[in-house]
Amino acid sequence: LFSGTLSFDILKWFKSSSSVKVKEYTTPILSSQSSQSSSFPDNFVWGTGTSAYQIEGAAAEDGRTASIWDTFCTEQPNNILDKSNGDIACDHYHLFEQDVLLMKEMGLKHYRFSISWTRILPHGDSRSEINPAGIHYYNRLLDTLLQHNIEPWVTLHHWDVPQTLFDSYGGWMNRAIIQDFTYFARVCFQSFGHKVKHWVTINESWTIAVNGYASGVHAPGRFQRPDVEPYVVGHHLLLAHAQVVKLYRTEFAPYHRKDGDGGGGVIGISNSGDYRYPKDLHSEDDISAAERSMEFQLGWFSDPIWKGDYPLSMRQRLGDRLPYFTDEEREGLLGSSDFLGLNHYSSMVVSQPTEPKTFGGYWGNDMFVNIHDNPNWKTNCMGWNIAPEGMKDMLLWIDQRYNQNITIYITENGSCEDEPNVETARHDIKRQTYLETYIQSVAEAIVEGGVKVGGYFAWSFMDNFEWQFGYQRRFGLYYVDFDTLERTPKQSALWYRDTIKMNGANIGK
């Protein structure tokens, strides 16, 4: 481990490389005793995560073609707060070996990342030639991770639809994308399945549907039909997920990487879930509004998988605007996930409106709630409420709603803090406190609620391109200087190293 800083051998390696610099930073190391009690099981997974467009760069190198995010950033730069893009980002494409060594120094045993669809299939569809350079890159990344005993968790889709598919038929608006996404998944399973035993089909379908097709703040920037398009897109995302899971389970999982007990690979989905509290705890209307708003977020993309259909509240409010599943589709969806990945960052207070809203769509008369502040909650620089109790309540809500003892992994959780320079970032005590209190809430859900939580992935490994905010928002455990690409561990990175080492026994101490 760090021994208070980067180890001598790793520092010597970095200093001999002209491609990237890593600053030393010393912090006290917590003593680790295996006898210290922990609320987490011995096999609890500790990791961090990233996504391809946010860190890789090399946007036009080695056969990669444009995704909808390339177009969203470069053709309409005003879509991004600082008019930036992911052309270079963290340049992880060229610096992945150094980054994996930083992961090793942090003590990471698990790392979640996504595969760029257009780096594998330049034309995106099932007729596209496979790009050997893309296959080679991800094989090198996987080999490097495994050489350092870091288990890869691979996300197939983290929002970067090929621009060619959007131009051809509208991307997720068209059912044709199900076949093309399934083909992309097949290529990934064939090329990397012998090295990967944890797969995530789609990251945050809710964000794709709502931010991309209702508010339009994400690629492809659609907002013209917020009462129709999000639900069509969501429907196709679910059907694509089910199709890919069926493919993996029938053709690949039994033959790919085996655990010690003989078990093969697993596959799941990562869904967004913010907890919603009723404004008036004694108001049946507000209680119903809070429940409905969670059904319109996490339930929208989880109910079909664990209950067989959309939430009743969505059907009642949307009617025929919410697509229907055939019996065959419902059967394919039900049980189509070996685990639920939960991406949780914040909580909200909601109430029942007293009169119809003046606008329609998801955020208007569809979900039909008012959102309020809780004066007792602090906020981070995203303006998001910091409410660690919401993590526990969200996990309990999932466990009670699906009542199937499902395994949950926290696939994203983290905080954005105001870090104008590296010196400020080094002392990110607010982020460290956020992580510790949220992880403590996970522990309470496990111990007090009996929720089956299998692991926790902090978001994110390093600062990166933060979508519509460009490089003006930082979530990383490592600070990245986007001029020099120098990486510097923040206080939270060093604290998280100790948390991993002690399997969470330091939490709340």
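**Exercise 1.** State the volume of the largest cavity and describe its lining.

*Solution.* The largest cavity has a volume of about 80 Å³, where a cavity is a set of points on a 1 Å grid over the protein atoms alone at which a 1.4 Å probe fits but cannot get out, and lining residues have an atom within 4 Å of a point. This is a predicted model, in which local features need pLDDT of at least 70 and side-chain atom pairs count only at pLDDT 80 or more, while totals for chains, interfaces and linings use all residues. Residues are numbered from 1 along each chain as its sequence is written, and side-chain values use heavy atoms, without hydrogens and water.

Next, the lining consists of 13 residues, and those nearest the centre of the cavity are Ile-68, Trp-69, Trp-159, Ile-208 and Ala-219. Helix α9 gives the most to this lining, with four residues.

**Exercise 2.** Find the residues that line the second largest cavity.

*Solution.* This cavity has a volume of about 40 Å³, and its lining is made up of Ala-52, Tyr-53, Glu-56, Gly-57, Arg-64, Gly-86, Ser-116 and Arg-119.

**Exercise 3.** Which residues form a nonpolar patch on the surface, and is Trp-363 buried or partly exposed?

*Solution.* The patch is formed by Phe-359, Trp-363 and Ile-371, which together have about 280 Å² of accessible area; patch residues have over 30% relative accessible area and no salt bridge, and nonpolar side chains are joined within 5 Å. Trp-363 sits in helix α14, residues 362-366. Because its relative accessibility is 32%, Trp-363 counts as partly exposed, the class between buried (under 20%) and exposed (over 50%).

Notes:
1 Å grid on protein atoms, 1.4 Å probe; cavity = no way out; pocket = protein on both sides within 12 Å on 5 of 7 lines; lining within 4 Å. Points joined across faces, edges and corners; volume = space filled by probe spheres on them. Helix = DSSP H or I, 4+ residues; strand = E, 2+ residues; numbered from the N terminus. Patch = residues over 30% accessible without salt bridge, like charges linked within 9 Å, V, L, I, M, F, W, Y side chains within 5 Å. Areas by Shrake-Rupley, 256 points an atom, 1.4 Å probe, with all protein chains shown as cover. Salt bridge = Lys/Arg side-chain N within 4 Å of Asp/Glu carboxyl O. Buried < 20%, exposed > 50% of the residue type's maximum accessible area, 1.4 Å probe, protein only.
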